[in-house]
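Please look through the sequence and the model below before reading on.

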Amino acid sequence: MAVTSETKQPNGIKGLYLRFYGGAPLLGILLGFLACTLWEMIIGETLASVLLLPKMPILFGLVTVSKVFAGLINLVLKGTPFEWFTLIHVPMAMIYFAIIYAVPLAVVIRVSVKPANAIAQSLQQLPMIVTALVHLGFMYAIFHFWAELSDYRLISLKLTLVAVLLTLSLNIINGYMGEFSCSHPGFMAVGAYTSSLFTVGLFVNDKVLGDALLSSSVAFLSFPLALIFGGLCAAASALIVAIPSFRTRGDYLAIISLAFLFIVKSFFENMQSLGGSRGIMGQPDWATLPVIFLVVVIGVWAINNFVNSTLGKALNAVRDDEMAADAMTVDTRKTKMVAFLFGAFWAGLAGGLLAHVLRFINPAMFGIQKLAEVLAMVYFGGLNSVYGSIVGAVSISLLGEVLRPLEILKWIFIPLLLILVMIYRPTGLVAFREFDVRKAFGPKEVD
């Protein structure tokens, strides 16, 4: 979209965004965020000390603000003593955010609009793989430097990336296929346990699984095989749901998939050879940030190609009108089966990543709460949209961390937010929007 002086600018947050960043390509925005992370590395701790903050804010100052409000709420509801001087942390955290992120980001983006557009234009002349690698290189650099400042940031970033992959995999079924599946935490559990069996069983001395069968200094190179093994096992388990449910119509998939979730959870709880309700721990520390970033990038690319392929278009036809699609020679049962197994594969792979990020799993991690979490990400971000899945996963993950100090009250705030979204945007924030890589990486036209 060309931004000109005659173009009518919308009001509100969108208008503010367009005024500052409307003419900036993605490369310029990434450059701005990279400058902010480097700026925080240089002056973050010093600035936090000057602003009388107890430590450098970990999530843009939002957790600091949340802790203060949590203290006030506990004072009112429980009479818990409150240190009143901590009220100053709220404005100080906002000032920190403005100095570290808001102002530098706006300045760098505005200054770099023309050169960033020129570079983006030049990159368009090169093969798309080169353009993608340049943008992904900037994105990874931002993640690396930002997460390096805090272990909490690192684990939060890893879990958010895993959530993106899981949300995308569920959106294939609930969004693009138009069915309602509740089985994804079960697929995730299968992937987490089988990949852990591969890595812990073969390379780690464990009380539950016994002594290691193999020993190698390059054992970490087998990690992709472990993830793929977990994904394939999850896809195979999906047949238990797909074969009976796709012979029926309507809400039967939701019922059968929910039953599958309870069966999987109960199975692992009662398998003492797999640790029972205690689970498995001691997974190798192989789920590093570069590995997770690479897997998620491959996952986004694969899923985006799938939904834009002929099979993906057939899937949309099945969603809109299955009888009409069948009349137009679409093999509806095969289409739904392939899509369901494909989504289950990536859910199992996400489970394998989660197991090796936390280095511990048990059946309780894959219950109704996990189902509610991933459904919230899908429907909050938007159905039938790769953009929407990314927005939903990042938003809900970060919101959960920001509201963590509120304890049980966060499970009141988040559902209320979801209710508002469902009322005013029933299909989600960014629904039914295709992820056009060439357009996303291209230059913006400005006058």
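Predicted model: local features only at pLDDT ≥ 70, side-chain atom pairs only at ≥ 80, totals over all residues.

Residues are numbered from 1 along each chain as its sequence is written, and side-chain values use heavy atoms, with hydrogens and water left out.

**The chain as a whole**

- The chain contains 18 helices and two strands, where helices (H or I, at least four residues) and strands (E, at least two) are DSSP runs numbered from the N terminus.
- For 447 residues a compact globule would have a radius of gyration near 22 Å, and the value of 23 Å for the chain agrees with this; the radius is taken over C-alpha atoms, and the globule rule is 2.2 Å times the number of residues to the power 0.38.
- The C-alpha trace spans about 60 × 60 × 50 Å along its principal axes.
- Of the 447 residues, 50% count as buried, a word that stands for under 20% relative accessible area, whereas exposed stands for over 50% and partly exposed for values in between (1.4 Å probe, protein chains only).
- Among contacts with a separation of 6 or more, 80% join residues 24 or more positions apart, where contact means heavy atoms within 4.5 Å.

**Aromatic rings**

- There are 17 aromatic pairs in the structure, counted when rings of Phe, Tyr and Trp (its six-membered ring) have centres within 6.5 Å, with planes under 30 degrees apart called stacked, over 60 edge-to-face and the rest tilted.
- Phe-267 and Phe-268 form an edge-to-face pair, because their ring centres are 5.3 Å apart and their planes stand at 70°.
- Within this pair, Phe-267 is partly exposed at 44% relative accessible area, whereas Phe-268 is buried at 7%.
- One aromatic cluster is formed by Phe-60, Phe-97, Tyr-101 and Trp-146.
- Arg-433 lies over the face of Tyr-387, at 4.4 Å from the ring centre; such a charge is counted if NZ of Lys or CZ of Arg is within 6 Å of the ring centre and within 35 degrees of the ring normal.

**Single residues**

- Ser-183 sits in the loop between helix H7 (151-176) and helix H8 (184-203), and it is buried, with a relative accessible area of 0%.
- Ser-257, Phe-260 and Phe-340 are touched by Ser-183, not counting residues up to four places away in sequence.
- The side chains of Ser-183 and Ser-181 make a polar contact at 2.9 Å, meaning a pair of N or O atoms within 3.5 Å; within protein, one must be able to donate a hydrogen and the other to accept it, and residues adjacent in sequence count only if both atoms are side-chain atoms.
- Glu-401, in helix H16 (residues 386-402), is buried at 14% relative accessibility and touches Leu-59, Val-63, Tyr-152 and Ser-156, not counting residues up to four places away in sequence.
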